[in-house]
6 protein chains.
Amino acid sequence: MLPHIVFLFSLLLSTSHAAVQDFCVADLKGSDGPAGYPCKTPATVTSDDFVFAGLSAPGNITNIIGAAVTPAFVGQFPGVNGLGLSAARLDIGPGGVIPLHTHPGANELLIVTQGHITAGFISSASTVYIKTLKKGELMVFPQGLLHFQVAAGKTKAIGFAIFSSASPGLQILDFALFASNFSTPLITKTTFLDPALVKKLKGVLGGSG
Amino acid sequence: MLPHIVFLFSLLLSTSHAAVQDFCVADLKGSDGPAGYPCKTPATVTSDDFVFAGLSAPGNITNIIGAAVTPAFVGQFPGVNGLGLSAARLDIGPGGVIPLHTHPGANELLIVTQGHITAGFISSASTVYIKTLKKGELMVFPQGLLHFQVAAGKTKAIGFAIFSSASPGLQILDFALFASNFSTPLITKTTFLDPALVKKLKGVLGGSG
Amino acid sequence: MLPHIVFLFSLLLSTSHAAVQDFCVADLKGSDGPAGYPCKTPATVTSDDFVFAGLSAPGNITNIIGAAVTPAFVGQFPGVNGLGLSAARLDIGPGGVIPLHTHPGANELLIVTQGHITAGFISSASTVYIKTLKKGELMVFPQGLLHFQVAAGKTKAIGFAIFSSASPGLQILDFALFASNFSTPLITKTTFLDPALVKKLKGVLGGSG
Amino acid sequence: MLPHIVFLFSLLLSTSHAAVQDFCVADLKGSDGPAGYPCKTPATVTSDDFVFAGLSAPGNITNIIGAAVTPAFVGQFPGVNGLGLSAARLDIGPGGVIPLHTHPGANELLIVTQGHITAGFISSASTVYIKTLKKGELMVFPQGLLHFQVAAGKTKAIGFAIFSSASPGLQILDFALFASNFSTPLITKTTFLDPALVKKLKGVLGGSG
Amino acid sequence: MLPHIVFLFSLLLSTSHAAVQDFCVADLKGSDGPAGYPCKTPATVTSDDFVFAGLSAPGNITNIIGAAVTPAFVGQFPGVNGLGLSAARLDIGPGGVIPLHTHPGANELLIVTQGHITAGFISSASTVYIKTLKKGELMVFPQGLLHFQVAAGKTKAIGFAIFSSASPGLQILDFALFASNFSTPLITKTTFLDPALVKKLKGVLGGSG
Amino acid sequence: MLPHIVFLFSLLLSTSHAAVQDFCVADLKGSDGPAGYPCKTPATVTSDDFVFAGLSAPGNITNIIGAAVTPAFVGQFPGVNGLGLSAARLDIGPGGVIPLHTHPGANELLIVTQGHITAGFISSASTVYIKTLKKGELMVFPQGLLHFQVAAGKTKAIGFAIFSSASPGLQILDFALFASNFSTPLITKTTFLDPALVKKLKGVLGGSG
């Protein structure tokens with residue numbers, strides 16, 4: 001009886017091409033495309049490819065924003081390739097802030113795991129949806145909308161943001177405006193901000209133009 | 001011979017449910033969902049449902065930005081429902097500007113049809129891609145990224161923006177910040193802008209908080 | 001100058017249909033469809049719609065599996081409708097187990113937030129990928145594949161599972177086989193399990209047939 | 001022990017909204033949308049909703065084309081709603097023909113189950129891909145391309161076409177041109193066909209204009 | 001006149017990059033990605049690429065299950081790449097069985113072409129949907145749910161399963177549990193099956209651990 | 001303070017893999033796949049990659065149709081890769097015609113920018129939707145349906161067609177039938193056209209077979 005089974009089993013296992021698409025761990029040395037990276041050869045895939053330990057340590061928050069964002073996007077965690085999921089860890093010290101930003105390519109689900117976080121987003125209709133979240137509470141931020149997270153209490157807060165794409169992108173408003181080569185005349189023309197302020201913030205954040 | 005044909009024809013025409021999904025003109029009185037609006041009954045659909053004349057007239061540019069955006073999204077043009085396409089007309093007077101904004105839900109393709117437009121977008125990596133476009137030239141703006149359009153010459157410019165969604169959304173940075181109820185302390189905390197400037201711009205744009 | 005702005009602002013705000021699709025909070029009283037539930041009227045949406053507190057309390061683990069799964073799918077958390085994201089909280093006591101199961105409609109990303117969890121999944125090629133995870137570590141489980149989570153240490157473990165769909169589904173193998181009306185002859189025929197065992201487990205889990 | 005299980009079981013079963021999306025049998029009385037029809041209430045769904053017997057009987061081929069197409073699209077088979085699949089049965093008598101047609105909304109996979117069928121499609125590059133298929137052989141026809149099936153032998157042929165959409169659509173070239181109200185001057189202008197021929201075929205197929 | 005046409009024709013044909021995406025026959029030597037395999041160069045594509053004859057011969061059913069599954073997934077039939085369709089042939093002898101299994105990545109449509117098949121699936125809510133199908137009848141099995149097919153009569157049955165993906169995957173429950181290296185302690189812990197039974201079935205099916 | 005910022009900034013910029021998917025300019029030397037072409041290395045991308053000037057010059061309409069279609073598909077305009085958008089310019093002289101055709105892979109939105117165009121499409125139900133459009137008016141043509149555009153006035157008309165795919169495809173009915181190697185017997189069998197007419201049109205358009 002056994003040989004028959006083994007025969008059947010071999011036959012089914014031989015459909016290796018089909019089985020591959022159970023998952024598609026990114027081969028980061030390959031060229032990515034609109035749907036993600038090419039798949040690592042299945043035979044070389046191990047349990048480690050599906051696991052990421054890089055968010056277990058706290059981010060360094062001794063910086064100007066008193067906070068840190070540590071990404072687990074496909075570039076850091078190849079196992080999420082093609083799965084429509086990725087993550088980031090937020091560490092926000094007392095008084096810290098994740099500045100206003102967008103994820104151009106993904107919706108976000110935030111889980112607070114320590115402390116309190118006040119989070120909010122602004123809709124296309126310029127309505128602000130804002131809430132202070134406790135440990136274990138969730139909040140969603142629809143794709144592409146400006147949003148922020150700030151510490152709400154006197155202790156450090158930690159959260160995990162999960163995204164609906166392996167490559168959500170991250171556009172921080174201040175960096176886009178004041179850490180880029182976006183020329184001051186164009187910034188002032190397209191934002192109505194004061195040129196002196198623009199130049200001052202460029203000085204701090206390293207922008208040019 | 002004719003009866004046989006008519007029989008066949010009737011049979012095939014009777015597959016009316018299947019044929020419906022050739023198109024799905026929005027019934028705006030119905031509740032929309034994640035994929036769009038319910039479909040208007042096919043029997044009541046006419047050629048007019050697939051046509052939109054609202055972009056043939058110039059937008060009113062006698063305003064503070066010297067420009068106008070006239071939308072042909074699904075709310076205005078129900079024929080685009082479910083098609084992954086919509087449009088807007090841009091009228092930009094000399095010196096006019098479409099302020100920095102994003103479309104949270106769509107990529108954009110701009111066609112300049114009159115005059116010259118300088119357009120640009122900022123990537124997640126804070127690189128600015130900018131170009132002055134002539135009549136007949138195209139530029140794309142990837143989803144969710146901050147971008148702008150300004151008149152590049154001494155004459156009025158016109159362009160048509162086409163979006164990869166029937167509901168692209170439109171988040172104008174200044175409106176999000178200064179025409180909303182986003183509180184001044186939170187704005188300054190999440191953007192590093194000066195409170196005095198924030199209050200001044202709120203005064204102009206009508207924001208509160 | 002102000003009237004011009006207000007005029008422009010009103011014009012843009014009047015594109016209300018387009019703005020709706022920034023988000024689509026589920027109206028659970030409406031009929032769902034292949035893409036999710038109809039959207040709640042935007043005017044009635046508040047910050048609370050985007051927040052879910054139901055995962056902040058521990059699940060009750062004084063049961064046969066010593067564990068609990070608390071869902072935050074669209075049925076519990078209407079704000080995730082159409083966003084391609086949902087969540088669940090896992091509480092696993094010492095010796096506890098989330099039995100072998102699949103999510104037919106979603107990939108899963110697990111974040112361990114307390115204790116240690118040994119988790120694994122089985123691929124179409126019958127390879128088992130297994131790993132013991134510490135606090136802050138992530139693991140992904142591709143869509144539709146059998147997987148499990150068990151406590152790895154002597155203390156209670158907690159994790160959050162995030163799914164790539166607002167309705168991931170949950171098929172627990174034992175419930176599918178032994179808590180359903182799947183007839184014992186068909187179970188034994190299609191699984192090669194012993195009829196006596198099937199009947200015994202049906203007795204425990206409440207299955208019939 | 002049993003009460004605990006039943007408790008757990010009830011808890012999990014109570015996540016009814018999430019479970020719904022395992023499937024979404026069409027409620028054809030509801031309004032369809034871009035993603036399909038609203039779902040029938042799960043409690044009223046039975047095995048019969050997932051089964052369709054309408055393709056078990058041969059189509060009537062005593063007509064001008066000596067062939068018949070019997071659809072099992074979502075309008076006939078509500079169980080395929082949202083599944084990205086539907087089917088049709090082809091009966092082609094000796095000398096019969098399924099005239100040149102397209103499916104605007106789906107790719108097609110043809111399985112020959114009796115006799116021989118010569119099938120082909122024409123690409124955008126005007127290349128014709130053509131093949132005579134035996135019982136058990138498969139052929140694919142990419143979305144939206146003109147294709148046909150004709151009997152290849154002296155006996156009746158049967159095939160099943162499966163589509164990558166629950167609503168593939170069906171545009172038969174001759175019906176589009178000669179059974180519609182497409183005016184003869186416009187047909188001749190846009191196809192270079194002879195007006196006399198157009199009028200003759202309209203006479204046979206019932207077209208006007 | 002002809003030269004003008006030829007000029008136009010050449011111009012249009014020269015848009016070769018665009019035309020390519022009519023279809024994308026898999027180049028199986030290339031690395032696959034989340035959306036499938038790279039496309040074979042269009043110039044080398046022939047009619048044979050769109051045809052698959054491997055399902056015309058019966059599968060070998062002289063094995064323990066008295067049945068055979070012959071796949072026509074993208075690995076066997078490169079023409080389905082990117083089309084969201086693939087197929088498999090089921091041969092089920094009298095008393096034969098396709099054991100309980102899932103397709104993690106696709107919905108399934110079954111067409112019975114000979115004999116009688118009793119088929120069923122189990123939903124997330126642990127409801128069993130079961131039906132005996134005759135020749136020409138269809139049944140759908142939603143993605144990722146456990147299902148089976150058994151011969152319902154005294155004669156051999158044949159069916160064709162069509163999937164909503166070119167790579168549906170195939171996870172046979174018994175193989176996942178008893179033909180893998182899934183350790184017996186973990187199996188018993190996560191399924192409540194008896195260790196002796198697990199070891200016995202591993203002995204038959206070749207599992208280890 | 002500055003070093004801290006620069007540190008943070010570098011950290012975030014180092015998430016380069018994630019940032020890539022803001023856009024995916026086609027590397028046309030790579031092999032395309034079902035989702036498009038591999039991405040050009042971001043470091044080599046410039047503003048010019050997002051701009052296309054090839055539609056600014058009129059197409060040559062001194063040909064048999066008195067019209068020209070100039071494509072800006074991904075093959076001509078690599079910046080649209082993966083964005084679900086592309087374009088074409090239509091130049092239609094007085095009396096000119098864009099012959100009956102389909103785009104197998106995309107919906108179309110037409111914007112008239114000069115003159116008058118009469119445009120129409122035929123649905124699966126053989127209904128003709130037709131309209132004469134003025135400058136600035138829009139019309140949509142659902143995917144895969146036969147449609148046409150003809151000059152409606154005594155002056156040249158210009159339009160821009162935008163598609164919901166970077167590779168919409170273009171199947172011109174006359175070319176498919178009369179400029180291919182589709183054999184005359186098969187054409188007449190599958191279209192009921194007169195063999196003499198077929199041969200005559202093949203003579204003009206260069207078809208064989």
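Helices (H or I, at least four residues) and strands (E, at least two) are taken here as DSSP runs, numbered from the N terminus. This is a predicted model, in which local features need pLDDT of at least 70, side-chain atom pairs count only at pLDDT 80 or more, and totals for chains, interfaces and linings use all residues; side-chain values use heavy atoms, with hydrogens and water left out. Residues are numbered from 1 along each chain as its sequence is written, while chains are lettered from A and ligands numbered from 1 in the order in which they are written.

Chain A splits into domain 1 (49-168) and domain 2 (175-205), with bounds that come from an automatic or database domain assignment. The C-alpha centres of these two domains of chain A sit 26 Å apart. UniProt, in an unreviewed entry, puts the feature "domain: Cupin type-1" at residues 53-199 of chain A; UniProt positions are given in the numbering used here, feature names are shortened, and annotations may be inferred rather than shown by experiment. That span of chain A is 13% helix and 38% strand, and its end C-alpha atoms are 40 Å apart.

Now for how the chains are arranged. Two copies of a chain are related by a rotation about an axis and a shift along it.

An open sheet of six strands runs in the order β1(A)-β8(C)-β5(C)-β10(C)-β3(C)-β2(C), with antiparallel pairing. At its edges stand β1 (51-52) of chain A and β2 (67-72) of chain C, each with a single partner strand, so one side of each has no neighbour in the sheet. Strands count as paired if DSSP finds at least two bridges between them. Two bridges join β1(A) to the antiparallel strand β8 (residues 138-141) of chain C, and A:F52 stands opposite C:L138 in β8(C).

Chains B and F contribute to an open sheet of six strands too, ordered β1(B)-β8(F)-β5(F)-β10(F)-β3(F)-β2(F) with antiparallel pairing. Within it, β2(F) pairs with strand β3 (residues 86-92) of chain F in the antiparallel sense over six bridges, and F:T70 faces F:R89 in β3(F).

Elsewhere in chain C, strands β6 (residues 117-122) and β7 (residues 128-133) run antiparallel and are joined by six bridges. C:G120 stands opposite C:I130 in β7(C). The two strands β6(C) and β7(C) make a hairpin with five residues between them, and C:S126 in the turn has a positive phi of about 60 degrees.

Most residues other than glycine have a negative phi. F:S126 has a positive phi of about 60 degrees although it is not a glycine; this residue is in the loop between β6 (117-122) and β7 (128-133) of chain F. At 9% relative accessibility F:S126 counts as buried, where buried means under 20% relative accessible area, exposed over 50% and partly exposed in between (1.4 Å probe, protein chains only). C:F192, also not a glycine, has a positive phi of about 65 degrees and lies in the loop between α4 (184-191) and α5 (195-205) of chain C. C:F192 is partly exposed, at 30% relative accessible area.

Finally, the "binding site" annotation from the unreviewed UniProt entry covers A:H101, A:H103, A:E108 and A:H147. These residues span 47 residues in sequence, yet no two of their C-alpha atoms are more than 12.0 Å apart, so they gather at one spot. A:H101 belongs to strand β4 (residues 97-102) of chain A and is buried, at 4% relative accessibility. Leaving aside neighbours within four places in sequence, the contacts of A:H101 include A:H147, A:F148 and A:L170.

Note on methods
Contact means heavy atoms within 4.5 Å.
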